[in-house]
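Reader: I have a structure to go through for class. Can we take it piece by piece?

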Amino acid sequence: MDLNNDGLKDFVTVTGGGLNGKNSYNNIYAVVQKQDHSFQYDTSIIQFSTSFKTKFLGGSGGSGTHLFNYDFNNDGKMDIGYINSAWGDDCGLYDSVSNRGNILPFKTVFINENNKYVEKDYYQYDLFAKAMLEVLKKRFLCIPMKLQKPTYNTSNFTFCSGDSIKLNITNVNKDDKFKWYSGPNIDSTSGTSKTFNDNAILFVTRTDVANCVISSDTVQIKKLAKPSAPIISRDTANNLVANANNLIWYKDGTAISDTAQRIKPTAAGSYTAKTTQNGCTSTMSNPYYYLVTDIINLSADEFIKLAPNPFSAFLNFDFIINGYQRLNMDVFEITSGLKVASRQNLVAGNQINLGELLPGTYIVKVTSQDNKISYQFKMVKL
């Protein structure tokens, strides 16, 4: 407390002496801080009466004296309150069962008048005394010793880019005032909650009606970047593979049960995926259209197979058909029906280069020389 208005913190001390709690003398002094940060008694700042010198400082079962700040006369300046808790608990509460407690055996106030603190009315219940009693009834004398630091509604102070985090103070008392400190910024208008959308080092102060102040723990609010959207490809075993883990897969826009990095679709469709890293979920990947129709079974031991699908440049062509050693292949644009490639007299196990094709969807027609064998495949060129 700055007692002499010089910008330096000072404090107040009460001294006394006597036997069995009955003092032969009491004194209350200001101890002021000098510019060199030493401290010195000043007997002129706090002006107390002769009656103050002869009152109890404490007694059997008591908790001694309490000093506190409060603006008793509502002039915008902090005064000094004094209560002698000769019998009772820390809050001076009266216990009618055991017949013990503090029934204001001695109380007084020192009103700030031009940076002098003058003792006013320590018995009569005038305006100042009533203000002091109101403070005592609300147990604000306990708060300097038992004031709880503000606590937050969460222990997780991270959030994802594009989102925000809202913090609430959970242990709030009536008439508390809060200030939110984040870096150089001080916010005294948000009250018990505040929303953040960027990184911050944060602590909150609570000030009660008795002007006692306590700070919360200092926490780091961290904004996490969202992960990149996965990239989906197809391996030589016709699995769909993503370049990330912790996935949610979608088929035709609907989430499916697969979550692994590598999946084997059982149905044709448009497959997409999202990944979640550190609690943040990516945007949707580009779609990958998966076609399962890369093999035609003619019988239990006869087939025609084209793989992979989709393909980049090369198609693996394989078949077993009784009576046929060679087949022909024609490639048509699916939209125009125009033939864009042709390969003749292909044997089983051929790797066919179709790198000249533009990316798109094509119909691949496989026929025999006598046209008794004729089948079509829908293939996607990447």
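Author: What follows is a walk through the cores, strands, salt bridges and disulfide.

Reader: What should I know before starting?

Author: This is a predicted model, in which local features need pLDDT of at least 70, side-chain atom pairs count only at pLDDT 80 or more, and totals for chains, interfaces and linings use all residues. Residues are numbered from 1 along each chain as its sequence is written, and side-chain values use heavy atoms, with hydrogens and water left out.

Reader: ok. Which residues touch the most other members in the largest nonpolar core?

Author: They are Ile-304, Leu-306, Phe-317, Leu-354, Val-364 and Phe-377, in a core of 23 residues. A nonpolar core here is a set of buried Ala, Val, Leu, Ile, Met, Phe, Trp, Tyr and Cys residues joined through side-chain atoms within 4.5 Å. Buried means under 20% relative accessible area, exposed means over 50%, and partly exposed is in between, with a 1.4 Å probe and protein chains only.

Reader: Which strands supply at least two residues each?

Author: Strands S26 (302–307), S27 (314–320), S28 (326–333), S29 (339–347), S31 (360–367) and S32 (374–381) each do. Strands (E, at least two residues) and helices (H or I, at least four) are DSSP runs, numbered from the N terminus.

Reader: What does the second core include?

Author: That core is separate and has 14 residues, among them Leu-167, Ile-169, Phe-178 and Val-204.

Reader: Back to S28. How many bridges join S28 to S29?

Author: Six, and the two strands run antiparallel. Two strands pair if DSSP finds at least two bridges between them. Arg-326 stands opposite Val-347 in S29. S28 and S29 also form a hairpin with five residues between them, and Gly-337 in the turn has a positive phi of about 75 degrees.

Reader: And how many bridges join S28 to S31?

Author: Six bridges link S28 to S31, again in an antiparallel arrangement.

Reader: Is Gly-349 buried or exposed?

Author: Gly-349 has 57% relative accessibility, so it counts as exposed. Leaving aside neighbours within four places in sequence, Gly-349 is in contact with Phe-317 and Asp-318, contact being heavy atoms within 4.5 Å. The C-alpha atoms of Gly-349 and Phe-319 are separated by 7.5 Å, while the two residues are 30 apart along the chain.

Reader: New topic. How many salt bridges are there?

Author: The structure holds eight. A salt bridge is a side-chain nitrogen of Lys or Arg within 4 Å of a carboxyl oxygen of Asp or Glu.

Reader: What does the one between Asp-176 and Arg-206 tie together?

Author: Asp-176 is in the loop between strand S10 (165–168) and strand S11 (177–182) and Arg-206 is in strand S14 (residues 200–207), so the pair ties together parts that are 30 residues apart in sequence. The N to O distance is 2.5 Å. Asp-176 is buried at 15% relative accessibility, and Arg-206 is buried at 1%.

Reader: What about Lys-77 and Asp-75?

Author: They form a salt bridge too, with the closest N and O atoms 4.0 Å apart. Lys-77 is partly exposed, with a relative accessible area of 32%, and Asp-75 is partly exposed at 33%.

Reader: Which residue does Lys-194 meet in a salt bridge?

Author: Lys-194 meets Asp-187, at 2.8 Å from N to O. Both residues are buried. Lys-194 is in strand S13 (residues 193–196). Not counting residues up to four places away in sequence, Lys-194 touches Ile-165, Lys-166, Leu-167, Trp-180 and Asp-187.

Reader: Last one: how many disulfides does a search of the whole structure find?

Author: One. A disulfide is a covalent bond between the sulfur atoms of two cysteines; the cut-off used here is a pair of cysteine sulfur atoms within 2.5 Å. Cys-160 and Cys-280 form it, with their sulfur atoms 2.1 Å apart. Cys-160 lies in strand S9 (residues 158–160) and Cys-280 in strand S23 (residues 280–281), so the pair ties together parts that are 120 residues apart in sequence.
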